[in-house]
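This report describes the fold and packing of one protein chain. The sequence and the structure are shown first, and the discussion follows.

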Amino acid sequence: MQIHIPTPLRAYAGKQSVVQVSGSTVAQALKALTEQYPELRQHLYSDQGKLRSFVNIYLNDEDIRYLDQKENAPVKDSDSLSIIPSIAGGSPVAEAPAAALTPEEMGRYSRHLILPEVGEAGQLKLKAARVLCVGAGGLGAPLTMYLAAAGVGTLGIVDFDVVEASNLHRQVIHGTMDVGRAKLDSAEDSLRAINPNVKIVKFPTRLSSENALEIFKDFDVVADGTDNFPTRYLVNDACVLSGIPNVYASIFRFEGQASVFATEAGPCYRCLYPEPPPPGLVPSCAEGGVLGILPGLLGMIQATEVIKLILGQGEPLVGRLLLVDTLAMRFRELKLRKNPDCPACGTHPTVTKLIDYDQFCGLPPKSAEPAAVVNGIPQMQPTELKRRLDAGDNLYVLDVREPYEFAIAQIGGHLLPLNDLPQRVKELDPNREIVVHCKAGGRSQRAAEFLAQNGFKHIYNLAGGITAWSEKVDPSVPKY
Ligand SMILES: [Zn+2]
């Protein structure tokens with residue numbers, strides 16, 4: 001039978017997207033897979049041999065947690081198993097009709113007005129609707145542009161970022177001249193150019209447990225365009241607590257996921273993934289890369305679902321997870337169930353208020369002062385590394401990024417990619433002072449922890465990675 005391997009795990013499965021195995025139950029098939037590719041084991045199973053909670057296994061289109069025999073369910077040769085890890089994105093929601101359409105609006109929306117599923121009544125619903133987009137980045141760009149064009153009356157956008165050159169290959173709401181501007185201001189200009197009738201409400205802030213419910217209360221639908229796990233769980237929980245649908249999408253390299261969560265009858269994100277993966281295991285788009293069109297595709301799927309929810313038309317992606325693989329150009333769909341034991345939307349929820357999501361996702365708390373030590377690893381600031389190198393200190397700079405990243409930018413470190421470290425650790429001197437770096441500090445922290453566990457005495461992590469080096473020490477080092 002076939003097992004579909006998701007992009008983040010293909011590195012541990014001989015770079016294959018599909019692996020053929022034999023076995024007569026799900027458990028046997030997975031055993032055959034991990035015997036063939038032993039490195040996959042730690043990603044799929046905990047040390048106690050249980051399937052990890054941030055990895056779901058589907059037999060054909062059904063989550064095995066909902067099969068009577070679960071992992072012992074029988075399989076046939078023609079069946080397929082899919083490994084679906086969490087990846088670093090109803091009913092009519094707008095009731096109050098707005099005032100009648102102006103003659104200008106009649107002309108603008110005429111191709112909507114002649115669709116029986118929209119018509120003037122639907123267009124008025126769109127005009128009355130209030131949609132909040134969390135993030136004005138890759139997903140937020142097509143999402144807000146198409147919602148504005150479609151005539152959604154009020155668009156809220158939460159974002160605190162500034163446009164960077166590396167955003168432009170996918171965040172098409174921003175132009176070359178916008179580099180350095182606040183994304184909110186740049187997005188506002190583009191949206192006004194598309195449709196001046198839309199009211200744009202800007203929230204120049206990081207969405208947090210302190211402000212989320214206050215911001216959400218004035219909106220009918222939330223579209224999650226975030227790129228990190230703490231905010232994704234925050235958006236989900238705030239939607240469940242506020243009773244607002246959460247139109248979700250997420251993207252990674254060439255693949256995306258989309259669904260509609262937190263409707264009254266349907267599941268929420270926590271029904272799918274009760275817990276986040278440990279930090280660093282799933283790379284972000286900044287680390288793993290992303291095909292520029294991918295957020296365009298997924299953001300437009302989100303926009304479609306938002307509009308369907310507002311109109312009360314069609315079949316929303318409630319209880320379904322859409323998987324998009326752009327390399328194969330294949331769309332697949334998996335069933336999602338509302339989990340009665342879900343901590344957020346189950347019958348006895350334990351999430352009754354918003355929590356500390358950084359802590360929940362295993363990240364150090366955000367503070368004004370950079371942490372001096374994380375998990376026992378001293379964090380070295382780029383300026384300190386520069387000072388020590390200039391002073392001629394005998395430091396060994398270890399670069400744990402991939403060779404293609406090394407080719408883009410480097411600071412004279414010795415290249416040894418994180419995944420090769422366990423096999424090549426003997427090449428390093430355990431008594432030497434070693435400063436480990438990667439792009440942003442996440443992978444290097446894992447490498448530093450690995451080295452410390454293996455008896456290395458003087459290990460530092462370069463805080464913020466080569467990106468921080470470029471910002472604080474040497475701007476001639478390209479940021480990517
Ligand atoms: Zn739930």
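This is a predicted model: local features need pLDDT of at least 70, side-chain atom pairs count only at pLDDT 80 or more; totals for chains, interfaces and linings use all residues.

An open sheet of 6 strands has the order E14-E15-E19-E18-E16-E17, and its pairing is mixed. At the edges stand strand E14 (373-374) and strand E17 (414-415); each has a single partner strand, so one side of each is left without a neighbour in the sheet. Strand E16 (residues 396-399) runs parallel to E17, and 2 bridges join them. Leu 398 has His 414 in E17 as its bridge partner. In general, strands of a sheet pair through backbone hydrogen bonds, either parallel or antiparallel.

| Strand pair | Bridges | Direction |
|---|---|---|
| E16 (residues 396-399) and E17 | 2 bridges | parallel |

**Overall form**

The protein contains 19 helices and 19 strands. Its radius of gyration is 24 Å, close to the 23 Å that the globule rule gives for 480 residues, so the protein is as compact as a globular protein of that length. Taken along the principal axes, the box filled by the C-alpha atoms is roughly 75 × 60 × 40 Å. Of the 480 residues, 41% count as buried.

**Nonpolar cores**

The largest nonpolar core has 90 residues, and Val 131 and Val 306 are those with the most contacts inside it. Helix H13 (residues 293-311) gives the most to this core, contributing 9 residues. At least three residues of the core come from each of domain 1 (2-85) and domain 2 (103-360). Setting aside residues up to four places away in sequence, Val 306 touches Val 131, Leu 147, Val 221, Ala 223 and Val 247. A second, separate core of 19 residues includes Leu 385, Val 436, Ala 448 and Ala 468.

**Helix H8**

Helix H8 (residues 183-194) has 12 residues and reaches 16 Å from its first C-alpha to its last, close to the 16 Å expected at 1.5 Å a residue. Its buried residues are Lys 183, Leu 184, Ser 186, Ala 187, Glu 188 and Leu 191. The cover over the buried residues of H8 includes helix H7 (140-150), strand E7 (154-158) and strand E8 (199-203).

Thr 7 is found in helix H1 (residues 7-10). How many other C-beta atoms lie within 10 Å of Thr 7? There are 17, and Thr 7 is therefore partly exposed, since a buried residue needs 20 or more and an exposed one has 12 or fewer. Which residues does Thr 7 touch, not counting residues up to four places away in sequence? They are Phe 252, Arg 253, Phe 254 and Glu 255. Thr 7 and Pro 85 are 78 residues apart in sequence, and their C-alpha atoms are 9.6 Å apart in space.

Methods
Residues are numbered from 1 along each chain as its sequence is written. A nonpolar core is a set of buried Ala, Val, Leu, Ile, Met, Phe, Trp, Tyr and Cys residues joined through C-beta atoms within 7 Å. Helices (H or I, at least four residues) and strands (E, at least two) are DSSP runs, numbered from the N terminus. Domain bounds come from an automatic or database domain assignment. Two residues are in contact if their C-beta atoms, placed from the backbone, lie within 7 Å. The expected span of a helix is 1.5 Å times one less than its number of residues. The radius of gyration is taken over C-alpha atoms; the globule rule is 2.2 Å times the number of residues to the power 0.38. Two strands pair if DSSP finds at least two bridges between them.
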